[in-house]
Structures are given as C-alpha cells and as structure tokens.
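Try each task before you read its solution.

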Amino acid sequence: HISARRSEICLLGHSWGGQLVLELLLGEETGISSAVLCAVISNAPLDEGTYEQRQRDLRNKLDAETRHFYEEEEANRASDGSIASLIYGKLIGVRETEIFGEMNGWAALDR
C-alpha cells in the first residue's frame, strides 16, 4: 500500500518493473501522481500461446551463435542464486521464452 500525499509520488518502471507500475496504476492506489514507463510489455498477454510463440519465432531468426549465447545466459541467470534471479524465476520462470511463473496470463491492455 502506498501512503503519501498524491503530489509526492512519481514511479519509474523499466521492463518487468513497468508491469509492476501498471498494476499499481490500474489498482486502487491513489497516492501516485505520475509514472514513466520504459520498454514495457503492456499489450501482450503473458500466456503459453501468444507470448511464447512470438519469443520462439524471434529467437529462431537469430544465428546459431547468438541463440547459444542467450541459452547460456538464461541458464546462468537461473542458477546464480541472486535475489533478482529468484524474483524473476517466481514471476516469470527460468526462461523469457516460457512463462511458467505467477505472471502467466498477465495483461494490462483490457484494463
């Protein structure tokens, strides 16, 4: 819950953080006076069909070396033990191409 005077809160949301800002803006919070969103997916449902297929299609267009780089990076991030990777894993899952976490089915466009 945000408790402050309305004119005191401006939120900045980048990438997945932007989705959290959208949730606050679309919810019942009243203490937010403005928000800046940068590189946010707000109109693509995070479900097993739409999002994952688009990610696979885009990744398949990359050359083999670049695809291998991304696969290694995902594996390293999933196992690095950091708080960020634990949170990301809980919300999204271990890969950006498959949404198995709590944000599966998330979308803001209809709201």
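**Exercise 1. How many aromatic pairs does a search of the whole structure find?**

Before starting, note that this is a predicted model, in which local features need pLDDT of at least 70, side-chain atom pairs count only at pLDDT 80 or more, and totals for chains, interfaces and linings use all residues. Residues are numbered from 1 along each chain as its sequence is written, and side-chain values use heavy atoms, with hydrogens and water left out.

Step 1. Apply the rule: rings of Phe, Tyr and Trp (its six-membered ring) pair if their centres lie within 6.5 Å. The search gives one aromatic pair.

Step 2. Phe69 and Tyr70 form this pair, with 5.6 Å centre to centre and 70° between the planes.

Step 3. Classify the angle: planes under 30 degrees apart count as stacked, over 60 as edge-to-face and the rest as tilted. The Phe69 and Tyr70 pair is edge-to-face.

**Exercise 2. Find the nonpolar surface patch that contains Tyr70.**

Step 1. Like charges are joined within 9 Å, and nonpolar side chains (Val, Leu, Ile, Met, Phe, Trp, Tyr) within 5 Å.

Step 2. The patch consists of Leu62, Phe69 and Tyr70, which together have about 280 Å² of accessible area (Shrake-Rupley method, 1.4 Å probe; for residues, only the protein chains shown count as cover).

Step 3. Locate Leu62: the loop between α2 (50-60) and α3 (64-78) holds this residue. Helices (H or I, at least four residues) and strands (E, at least two) are DSSP runs, numbered from the N terminus.

Step 4. Tyr70 counts as partly exposed because its relative accessibility is 36%; buried means under 20%, exposed over 50%, and partly exposed in between (1.4 Å probe, protein chains only).

**Exercise 3. Which residues make up the largest nonpolar core?**

Step 1. Look for buried Ala, Val, Leu, Ile, Met, Phe, Trp, Tyr and Cys residues joined through side-chain atoms within 4.5 Å.

Step 2. The largest such core has nine residues: Trp16, Leu22, Tyr51, Tyr88, Ile92, Ile99, Met103, Trp106 and Ala108.

Step 3. Follow Ile92, whose contacts (heavy atoms within 4.5 Å) include Trp16, Ile99 and Met103, leaving out residues up to four places away in sequence.

Key. Patches are made of residues with over 30% relative accessible area and no salt bridge: like charges are joined within 9 Å, nonpolar side chains (Val, Leu, Ile, Met, Phe, Trp, Tyr) within 5 Å. A salt bridge is a side-chain nitrogen of Lys or Arg within 4 Å of a carboxyl oxygen of Asp or Glu.
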